[in-house]
Amino acid sequence: MNAQAQPLSGIRVIDYSHFLAGPYLSRCLAALGAEVIKIERPTTGDAGRQHAWLVDGLTSGYYLQQNMGKKGLCINIKDPRGREMLEKLCDGADVFIENYRPGALKKLGLGYEDLSKRNPGLVYCSISAYGHTGPDSHRAGFGLIAEAKSGIMAMVGEPGEAPPLLRIALGDIFTGSNAVGAICAALLGRVKSGRGQHIDMALYDCLVSMHEYAVQCYTLSGGKEVPVQTGHDMPNSTLYGVFTAQDGYLVIAAQVDDAWKRFARLVGEETGNPGFAQDTRFHSAGGRNEHRLDILPVVRAWTAERTVAQCLAALDAIDVPSAKVQDIAEVLADPQIQARGMLVEQEHPVLGKVSLANLPYRFSGCDTTITEAAPLLGQHNREIAASLGYADADIDAMVRDGVLYAEEAVSRL
C-alpha cells in the first residue's frame, strides 16, 4: 500500500507558546504533519530551554522533547520589522497557538480579534490556567495550581497526609491533548464555513472534565459523598490497587466478578484458606466493597510472601490483570514499549544522537514519528524570512540589528 500523506500535511501552525501545554500541543500537530514555526524571543528563547534535564548544563531535554519537528524563528517583535514579519506569517497560517495570561497578546495587537481581521480563516487557540472568562481568568497559574484546585490531589495519597505531587504534568499534557482535538475539529468546520474561530482552553477546566467518578458521586448522592484519599486501593472498586511483594510493588485488578472468583480461589488455595473463595459476601461488587477490610489483609499477606515475578506468574496463569510497578529504566527496556516504537532516536546538531519519548499516534497509512530534532535558537530565521519574500539584504540588516537572533551554533550548521 502506498503511504498516505500525514493528516495535517499542508497546515501551517504558528507556535507562540512557551514551556509546556502549548509546545506539547504544537509538537502533536507537527507529528500529524503540520508545519510548525516556533516563535522565540532573542537571546533567551522559550523558558523551557532552561528547564531540567540539562545536558552538560546547556541543552534542555525538556525543550528537546516538546519542540521536536518544528522550525525555529527567533525574532524581536518590539521592532516594527519583526512585528511586520510575524504578521505576515500569521496572514498565511492556519493555526495560531498561545498560552499567555488572558489579555497579554491583545495588548501587543496579537489577540484573536486583531489576527482574524487579517486572516478570517485562522484557528486561534489560547491556553491558560483558568480560561478567558470567569472571576479567576486574570490569574496566573501552572499545572500544579490546576491539579490542586481540580479535586484530583485531594483524592491521592495516604489519608491524613499531605497529597503527593503527581510528578507528571497532568494538567498541561491533558489540556494540550484536548486542544489537538479541538483544533482539528475547528479546521474541519472551516471547510464548510470558511472561517476559523477562537478556542479557549483552560487547564482547570480540562482537569475537572477528567473526573470519571468523583463529580457524579457527589452530585448524584445529593452532596453526601465526597471522594477522599484512600491510599493504595479503591474502596468503590474492590479489588483494585497496589500491593507490596518481597522485592517491589505490583498492581492487581480483580474487581470484575469472574476475575475475582479466579483470584480468590488462587489466594485461598495458596494460603490454606479455601473459605476465602467460597465466602458469598465477596461474590458481588457491592459485597466486596462493603467487606473490603476483610479482603485486603488476606491479599496483602499473599503478596508479601512472594516476589513480584512469582505474583505476576500466578496471576497471568489465571488471567487476572496485573503488572509490576516499573521505574523508568524498566519502562524503556520493556519489549512492549520497544515494539511499539515509543522511544525515538534523533540526530541533534550539537548533541549527536538523542533518545526521547515518542507520541502514541499509530496510523495505518502513514508514519507520525518525528525524526527532526528541536530547533536551535533561531535555526530557521533565514529560511522563514526568505519564504515570506524578504531579500538577502533585508535579512542581513535584521540580523545585524538584532531583529533576528540566532545562537552561535547555528552558524556552524
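A residue is called buried when its relative accessible area is under 20%. Keep that cut-off in mind as you look at this predicted model, because K70, at 3% relative accessibility, falls among the buried residues.

**K70, a buried lysine**

- You can find K70 in the loop that links α2 (61-66) to β5 (71-74).
- Its relative accessibility is 3%, so K70 counts as buried.
- The side chain of K70 has a polar contact of 3.1 Å with the side chain of D15.
- Another polar contact, of 2.9 Å, joins the side chains of K70 and N67.
- Leaving out residues up to four places away in sequence, K70 touches D15, P23, S26, R27, V36, K38, P375 and H380.

**R41, an exposed arginine**

- Is R41 buried or exposed? With a relative accessible area of 51%, R41 is exposed, because the cut-off for that word is over 50%.
- R41 sits in the loop between β2 (35-40) and β3 (54-55).
- Although R41 and C74 are 33 residues apart along the chain, their C-alpha atoms are separated by 5.5 Å.
- C74 is also one of the residues in contact with R41 once neighbours within four places in sequence are set aside; I75, Y100 and L377 complete that list.

**The parallel sheet**

- Here 6 strands make an open sheet with parallel pairing, and their order is β5-β2-β1-β6-β7-β8.
- β2 and β5 run parallel and are joined by 4 bridges.
- As a spot to look for, K38 stands opposite G72 in β5; K38 is also among the residues that K70 touches.
- Helix α7 lies across β6, β7 and β8, and it runs at about 165° to β8.

**The antiparallel sheet**

- In what order do the 3 strands of the antiparallel sheet come? They form an open sheet in the order β9-β10-β11.
- The edge strands, β9 (240-245) and β11 (322-324), each pair on one side only.
- The twist here averages 25° from one strand to the next.
- Strand β10 (residues 248-253) pairs with β11 in the antiparallel sense over 3 bridges, and V251 stands opposite A323 in β11.
- Lying across β9 and β10 is helix α13 (residues 292-304), which runs at about 40° to β9.

**The nonpolar cores**

- How many residues does the largest nonpolar core have? It has 42, and those with the most contacts inside it are V13, L25, L29, V95, C125 and I183.
- Among the elements that give two or more residues to this core are α1 (21-31), β6 (95-98), β7 (123-128), α7 (170-193) and β8 (198-202).
- The largest share, 7 residues, comes from α1.
- I183 touches L25, L29, V95, I97, V123, C125 and I199, not counting residues up to four places away in sequence.
- There is also a second, separate core of 27 residues, including L73, L86, C90 and I384.

Note on methods:
Residues numbered from 1 in each chain as written. Predicted model: local features only at pLDDT ≥ 70, side-chain atom pairs only at ≥ 80, totals over all residues. Heavy atoms only, no water. Pairing = 2+ DSSP bridges. Axes fitted to C-alpha atoms, helices over the stretch in contact; angles between N-to-C directions. Contact = heavy atoms within 4.5 Å. Buried < 20%, exposed > 50% of the residue type's maximum accessible area, 1.4 Å probe, protein only. Polar contact = N/O pair within 3.5 Å; in protein donor to acceptor, adjacent residues only side chain to side chain. Core = buried A, V, L, I, M, F, W, Y, C linked by side-chain atoms within 4.5 Å.
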